[in-house]
Amino acid sequence: MSAAATRRLTTAQALVRFLAAQYTERDGVRHRLIAGTWGIFGHGNVAGLGQALVEYREAMPYHQGRNEQAMVHAAVGHARHLNRLSAQAVTTSIGPGATNLVTGAALATINRLPVLLLPGDYFASHAADPLLQQLEHPVEADVSVNDALRPVSRYFDRITRPEALLTSALNAVRVLSDPAETGAVTLALPQDVQAQAYDWPEEFFADRVWRVRRPAPDPVELAEAVRAIRAAARPLIIAGGGVHHSEAEPALQALVDATGIPVTSTQAGKGALRHDHPADLGGIGHTGTAVSDALARTADLVIGVGTRYSDFTTASGTLFQHPGVRFLNLNITAFDAHKLAADTLVCDARSGLAALTDALAGHRVDAAYETEYRTGRARWEEAVEEAFRADDDSAVPTQTQVLGALDTVVGDEDVVINAAGSLPGDLHKLWRARSPRQYHLEYGYSCMGYEIPAALGVQQAAPDTPVWALVGDGTYLMNPTEIVTAVQENLPVKLVLVQNHGYASIGGLSESVGAERFGTDYRHRVADGSFTGAPLPVDLAANAASLGMDVLRAKTVRELREALSTARAATRPTCVYVETAPPGTALPAEAWWDVPVAEVSAREAATQARAAYERAVADRRRHL
């Protein structure tokens, strides 16, 4: 009997070859699981993974990043746009490169999005001990800075021997491709092990297909769900990101068309129905629309589909006020399905929605209820038009008028990306999502600095699609460096850079909780120590140009529309820079959000804010 065929490679070479042969498949459509690898090289990975990526550069595309956190954001943007069926890997050196991954890993895991992290690590042999950038723990010699990635990873392992990769690589890919378990996956790679050779079995490198399941609902749970919906007089659907991940938008529309149940959406779920569908009521919660939040307060059955119910969605437990309100949660993850003491339907979103539609044949909500929410929807559309309207084309635009100008320029296929600041609130209330993939808001972690690198990942996933990163001055200053990568790879992302000279969102919150906008303006410090002087002489447009972008400056509404049209047609990375006029946001919050206020203070602003807080928190309910 002949020995099994083997191939002698280093651990790093074997890992790259293995990853290049992994695929996902759903509904008969196959996708490459690891579509490419982002990397910044240092002594902890250059001789291992760096050499392997050169060795197999035809099998594994490589993308050069400028900031480790940003590389993770780019990979997450890529995975989200492709409905989690394809992902990217990120490699860094040991030390600060590795710890810079933590924020991105948290973002990926919180949002249930796959990314593979490959940080370098100490010498497994301890031959060089301690080495440069190694964390020394006096009583745990196997601890490294990479252990900071454990709580923010869905799977973690340190590969201290080459053969350990055989099982760990399979486990890593299993988690990445599992819709109920996915998130950040970390394989910490000691730098000596990366370079060690081993005789790998040939079958390790064979093409492997990971089928992404669509589990059907349990018959008993389905029957109970149908009874609950038939008994409800005022049911309301909350569409979360799971609708998009499952590609369940047509199934949701079929259910809504058949039953007349209205749909609201979280930040991750917006676009589950097209904005002009008569049952689409827009965002829900603290940043939701007036019609959505009004119906939420009187709903007797809340049907969550693919949502994890953050405090923004529930208005910190104050939104759902019907005395007998109950919850029905359709989610592929049991952990999320059980929230709010809900009846559960643990299954794939598309499978579950289709089963509900079939089982509810002939059932429809009362005509008066449909008339009520359609009337409220029409009133909200008027509010949107008013917020977008610019009566004077020669005036400096407000932030909502910036969104109105963009609304006139984008097509159905365009993607609009945002994550933090005051823009998410305006977008959730006002944006008219024309397609399932258009509205790309990262609000699970609401991470400043996400937008620009995520736009790169989306542009790689959809090369012929116009991709817009909407960025305020605060978030731009956090992480602009991937502009250089966009220029290097000729990714024609469009950056809308909104300058309002400070943290507009947190400034407004600061004022409402008695902190008096302290530390939220970008201004000169004055004699009393506050930052209330003239705006700083900082030119962010010049900065973007210095990093290689084409920059269009727009001072008026008319110039803004022209610049946006030019940017959309551009074939190079292009920035539209606009300074906005107050107010920072045109429409107030329709629901509360719990930010605890100082219980005692000598300052009147804080005392008044505490009184308002106590009035609001009195409406909180524990849904049991």
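How many of the residues in helix 17 (423-430) are buried?

A: Eight of the eight residues in helix 17 are buried, so this helix is mostly covered (buried means under 20% relative accessible area, exposed over 50%, partly exposed in between, with a 1.4 Å probe and protein chains only). The buried residues are Leu423, Pro424, Gly425, Asp426, Leu427, His428, Lys429 and Leu430. Bear in mind that this is a predicted model, with local features needing pLDDT of at least 70, side-chain atom pairs counting only at pLDDT 80 or more, and totals for chains, interfaces and linings using all residues. Residues are numbered from 1 along each chain as its sequence is written, and side-chain values use heavy atoms, leaving out hydrogens and water.

Now look at helix 2 (residues 46-55), where you'll find Val46. Val46 counts as partly exposed because its relative accessibility is 43%. Helices here are DSSP runs of H or I with at least four residues, and strands are E runs of at least two.

Over in the sheet, six parallel strands line up as 5-4-6-7-9-8, and the sheet is open (pairing takes at least two DSSP bridges). Strand 5 (62-64) and strand 8 (155-158) sit at the edges with a single partner strand each, so one side of each has no neighbour in the sheet. From one strand to the next, the twist averages 20° (angles run from 0 to 180 degrees between N-to-C directions of axes fitted to C-alpha atoms, for helices over the stretch in contact).

Helix 1 (residues 11-20) lies across strand 4, strand 7 (115-121) and strand 9 (184-190), at about 175° to strand 7, with contact meaning heavy atoms within 4.5 Å.
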